[in-house]
Amino acid sequence: MKAFLLPEKKEFMNLLLRSSVFDQFLLSHASIHTAVNYEIDGHLNTSYFTEEELAQKQLTGLSYMPYRELRPACYAFIKGHQTPLYFKFVLMLSPANMENTIRAAGTSVTFDDISAIYLHIIYQNNQIILTTGVSYRNFILDKSFEKEWDKYAQSFLIKNRIIFSEI
């Protein structure tokens, strides 16, 4: 697990809320505190959609809603003249991206070993901190995949020109 301080708050917020940079992730949970507190549970209610809608929106087989679908609502909750008091976004890799990332890492960890791969983004005390995380199904001594995920997350930040410092 690594933590990154993101000092360019305005630029990062534009990428998070107004661009497609994070759209390939799923939203596990969001908490946004402004004039009121908003809590978003990202669990997908598949019974809300028809099979055709699930296929059209590329939701088939997902347990969580893609961030791209919820980004406009998150933006609506945050936009305004005042800075939020607090927010937290818990983003996770989709099953397909998780499988690709595990395979590319070249470690002994398999898809069946991991329940989720996360990015936690927290705004608190006028700072934005992004933290990486891996949730395992069972206890595993080998932490080499976590190190690979940390490297991938750092590469993601660099590729998207997100300024950061490791903390």
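E146 counts as buried, at 18% relative accessibility, where buried means under 20% relative accessible area, exposed over 50% and partly exposed in between, with a 1.4 Å probe and protein chains only. The side chain of E146 meets that of K143 in a salt bridge, with 3.7 Å from N to O. A salt bridge here is a side-chain nitrogen of Lys or Arg within 4 Å of a carboxyl oxygen of Asp or Glu. K143, for its part, is partly exposed, with a relative accessible area of 34%.

The model is predicted, and local features need pLDDT of at least 70, side-chain atom pairs count only at pLDDT 80 or more, and totals for chains, interfaces and linings use all residues. Residues are numbered from 1 along each chain as its sequence is written, and side-chain values use heavy atoms, with hydrogens and water left out.

The count of salt bridges comes to seven. One of them joins E99 and R103, at 3.7 Å from N to O. Both residues lie in helix α4 (residues 95-105), four residues apart, about one turn of the helix. Helices (H or I, at least four residues) and strands (E, at least two) are DSSP runs, numbered from the N terminus. E99 is partly exposed at 38% relative accessible area, whereas R103 counts as exposed at 54%.

Another salt bridge is formed by R68 and E69, whose closest N and O atoms are 3.8 Å apart. R68 is partly exposed, with a relative accessible area of 27%, and E69 is partly exposed as well, with 30%. These two residues also belong to a network of salt bridges that includes K57.

The aromatic side chains come next. A pair of aromatic rings is described by the distance of the centres and the angle of the planes. Rings of Phe, Tyr and Trp (its six-membered ring) pair if their centres lie within 6.5 Å; planes under 30 degrees apart count as stacked, over 60 as edge-to-face and the rest as tilted. By this rule there are eleven aromatic pairs. Among them is the edge-to-face pair of F4 and F164, with 5.2 Å from centre to centre and 85° between the planes. F4 lies in strand β1 (residues 3-5) and F164 in the loop between α5 (144-159) and β8 (165-166), so the pair ties together parts that are 160 residues apart in sequence. F4 is buried, with a relative accessible area of 0%.

The rings of F25 and F156 have their centres 5.7 Å apart and their planes at 85°, so this pair is edge-to-face too. The pair links distant parts of the chain, with F25 in strand β2 (residues 25-33) and F156 in helix α5, 131 residues apart. Both F25 and F156 are buried. Together with F12 and F22, they form one aromatic cluster.

For the chain as a whole, the secondary structure comes to five helices and eight strands. From the N terminus on, the elements run β-α-β-β-α-β-α-β-α-β-β-α-β. Along its principal axes the C-alpha trace spans about 50 × 45 × 25 Å. Buried residues make up 43% of the 167 residues. Contact means heavy atoms within 4.5 Å. Among contacts between residues at least 6 apart in sequence, 65% join residues at least 24 apart.
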